Amino acid sequence: MKYTQLGRTGLKVSRLVLGTMNFGPVTDEADSHAIMDSAHAAGLNFFDTANVYGWGDNKGRTEEILGSWFAQGGGRREKTVLATKVYGDLTPDGGGDWPNRSRLSALNIRRAVDASLKRLNTDYIDLYQFHHVDRSTPWDEIWQAIDVLIQQGKILYSGSSNHAGWHIAQANEAARRRGTYGLVSEQCLYNLAERRAEMEVIPAAQSYGLGVIPWSPLHGGLLGGAIRKQRVGSQSGGRTASGRAADALKSAAVREQIQSYEDLLDKHGLEPGEVALAWLLTRPGVTGPIVGPRTTEQLESALRASELSLSDELLTSLDEIFPGPGPSPEAFAW
């Protein structure tokens, strides 16, 4: 496993990030523990979760699964750079609304971090991320709350997720005025099929020294051999594309694009999902993509991607199939 520093920090993290969103809703506790053990065995030390993972009536369940794994000892917590998120309401679906149970007020941040620490069975969080922009709370209030948590030793760093480039600038300029460290990472939707982050989010992150942590690197399975699996699945009665991938393939233009992608990789004898991950590892500013395996076999595939070297010829061909938006402001100015 290769390592890099997270943005401008001295913190060393693996070039792949273990996403845990499937732990609980899809993958049971025992299998989740096995995946995390396999990740450590492969040298993967950066784990990402969120307080709302588990979803529905089981929000928080994913953090609990990580907590029970840490409780087994063996250096599991000490070897892990742990990232979780705050913003969402943990009230079970249909449980009704009540003020101050979500977003980024100082009150909710204080309550949310203590609840996450309890579920995670730890006394500190390495990277505490804002899951979404809170348009109602000023950055001075957010940073005041974060500074208290850092002073208390409950968190070490803070990051953002799903923030625009100007939000990153706004956040870190507010932190600079306060003399505090500000954001050190941005977790954004970024992959071969969705490259809009290249226009402003990634340049802003690079300018302010944030590591970029792409989520959905396979774009909901679209880049993981979706057409091939659809064809095989329809013949065998097996699993076919669903969700974002299935919706995207209804477009003739997208289907043609993905078919070209799969044909290109067939010619090179490469697996689509592994190439999609390997491509992200070549991108400027990217710390590492989040992989969310449901099984140890899927984790093994992601690990192979981290060792894959893509030729200049192949990278050029990928750009031809999935052209990026171009730099800002030229991309939208003319």
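In helix 5 (residues 165–178), the residues Gly-165, His-167, Ile-168, Ala-171, Asn-172, Ala-174 and Ala-175 are buried, where buried means under 20% relative accessible area, exposed means over 50%, and partly exposed lies in between, with a 1.4 Å probe and protein chains only. The model is predicted, so local features need pLDDT of at least 70 and side-chain atom pairs count only at pLDDT 80 or more, while totals for chains, interfaces and linings use all residues. Residues are numbered from 1 along each chain as its sequence is written, and side-chain values use heavy atoms, with hydrogens and water left out.

Helices (H or I, at least four residues) and strands (E, at least two) are DSSP runs numbered from the N terminus. Helix 5 has 14 residues and reaches 20 Å from its first C-alpha to its last, close to the 20 Å expected at 1.5 Å a residue, the expected span being 1.5 Å times one less than the number of residues. Its buried residues pack against helix 4, strand 7, strand 8 and helix 6 (201–207), and just after helix 5, Gly-179 takes a positive phi of about 75°.

Ala-175 lies in helix 5 and is buried, with a relative accessible area of 1%. Not counting residues up to four places away in sequence, Ala-175 touches Trp-143, Thr-180, Tyr-181 and Gly-182, contact meaning heavy atoms within 4.5 Å. Ala-175 and Thr-122, by comparison, are 53 residues apart in sequence and 27 Å apart in space, C-alpha to C-alpha.

Eight strands form an open sheet in the order 9-8-7-6-5-4-3-10, with parallel pairing; two strands pair if DSSP finds at least two bridges between them. Strand 9 (211–215) and strand 10 (290–291) stand at the edges with a single partner strand each, so one side of each is left without a neighbour in the sheet. The table lists some of the pairings.

| Strand pair | Bridges | Bridge partners |
|---|---|---|
| Strand 8 and strand 9 | five bridges | Ser-185 and Gly-211 |
| Strand 6 and strand 7 | five bridges | Ile-125 and Ile-155 |

From strand 6, the chain crosses through helix 4 (residues 139–152) to strand 7, and this β-α-β crossover is right-handed. A crossover is called right-handed if, with the strands pointing away from the viewer, the path from the first strand over the helix to the second runs clockwise. Strand 5, helix 3 and strand 6 also make a right-handed β-α-β unit. Six of the six residues of strand 6 are buried, so strand 6 is largely enclosed by the rest of the structure.

Helix 12 (residues 312–321) has the buried residues Leu-314, Leu-315, Ser-317, Leu-318 and Ile-321. They cover an arc of only 160° around the axis, which puts them on the same side of helix 12; the arc is that of the directions from the helix axis to the C-beta atoms. On the other side of helix 12, Asp-312, Glu-313 and Glu-320 are exposed, whereas what covers the buried residues includes helix 9 (252–268) and helix 10 (272–281).
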